[in-house]
Amino acid sequence: MADYTLYSYFRSSCSARLRIILNLKGISYDTVPVNLLNGEQLTDSHRALNPSATVPLLVSRRAHDDGFKIGQSIAALEFLEEVHPETPILPPASDPKGRAVVRTLVNIVSSDTQPVTNLRIMQRVRKLGGNAEDWNKELMTDGMRAYESIVKDCAGKYSFGDSVTMADACLLPAAWNAERFGVDLKAFPTISRVVENLSQHPAVIKAHYLNQPDTPDNLKAQK
């Protein structure tokens, strides 16, 4: 049996964060697809598992965890870092400033950008008569601009030096979404370089939204 079960949607950027880090750390997991477009996250059965009615949901299958569930992606990343520290995704505890920088980058995506551009918000924007695509493009551009202003001073091969961190796990799915909504990543040279490097990493390739069990066949054909 795999160590974890990941309830996921192929195009969910929050789910992709966990896929990247689970792959990076070499942790075994099974995927249970939850189709957001069909509203499967809103069913009573899913709400019973995750009261937020969202994905991802990470469920531990390790014997001593008793089915422990985490329904927020950043909390799950922090948990995985603590219980599977062999491949770290944060700078060492001896570098508190570095850890704070990485967490700042994480929060630019996970607190400032993704929550106001997700499916639930897009649906509300449309109900109010707005253009959800323009809304997303503008806010995603703002998020990329803020990320670029910080990452340019700490990036190496990746967002913080030359090791993949949880900041990268948040950045890359956000970049996929930004490009989907027409954001020109070339305007952000450091992000563009980091994204290109990340795109070649085996953990990322396996986590890509085109390579998931619930990826529609018409999208898989684009690979």
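The paragraphs below go from the domains to the spaces between them and then to a helix pair.

This is a predicted model, in which local features need pLDDT of at least 70 and side-chain atom pairs count only at pLDDT 80 or more, while totals for chains, interfaces and linings use all residues. Residues are numbered from 1 along each chain as its sequence is written, and side-chain values use heavy atoms, with hydrogens and water left out.

The domain assignment, which is automatic or taken from a database, divides the chain into domain 1 (4-87) and domain 2 (96-206). Their centres, taken over C-alpha atoms, are 20 Å apart, and 16 residues of domain 1 are in contact (heavy atoms within 4.5 Å) with 20 residues of domain 2.

Grid points are joined across faces, edges and corners, and a volume is the space filled by probe spheres set on the points.

The largest pocket has a volume of about 970 Å³ and is lined by 41 residues, with Leu36, Gln114, Asn118, Leu119 and Arg120 nearest its centre. Helices here are DSSP runs (H or I, at least four residues), numbered from the N terminus; among those that give two or more residues to this lining are H1 (13-24), H4 (96-113) and H6 (132-151), but H5 gives the most, with 6 residues. Because both domain 1 and domain 2 give residues to the lining, the largest pocket lies between them.

The structure also holds 1 cavity of 30 Å³ or more, and the largest cavity has a volume of about 70 Å³. Its lining includes Phe10, Arg11, Trp176 and Tyr209, and the largest share, 4 residues, comes from H7. The largest cavity, too, has lining residues from domain 1 and domain 2, so it lies between them.

Finally, the axes of H4 and H6, lines fitted to C-alpha atoms over the stretch in contact, with angles running from 0 to 180 degrees between N-to-C directions, come within 10 Å and cross at roughly 175°. H4 and H6 are therefore roughly antiparallel, a term for angles over 145 degrees. Residues making this contact include Val101, Leu105 and Ile108 of H4 and Leu139, Gly143 and Tyr147 of H6.

How values were computed
1 Å grid on protein atoms, 1.4 Å probe; cavity = no way out; pocket = protein on both sides within 12 Å on 5 of 7 lines; lining within 4 Å. Parallel < 35°, antiparallel > 145°, perpendicular 65-115°, else oblique.
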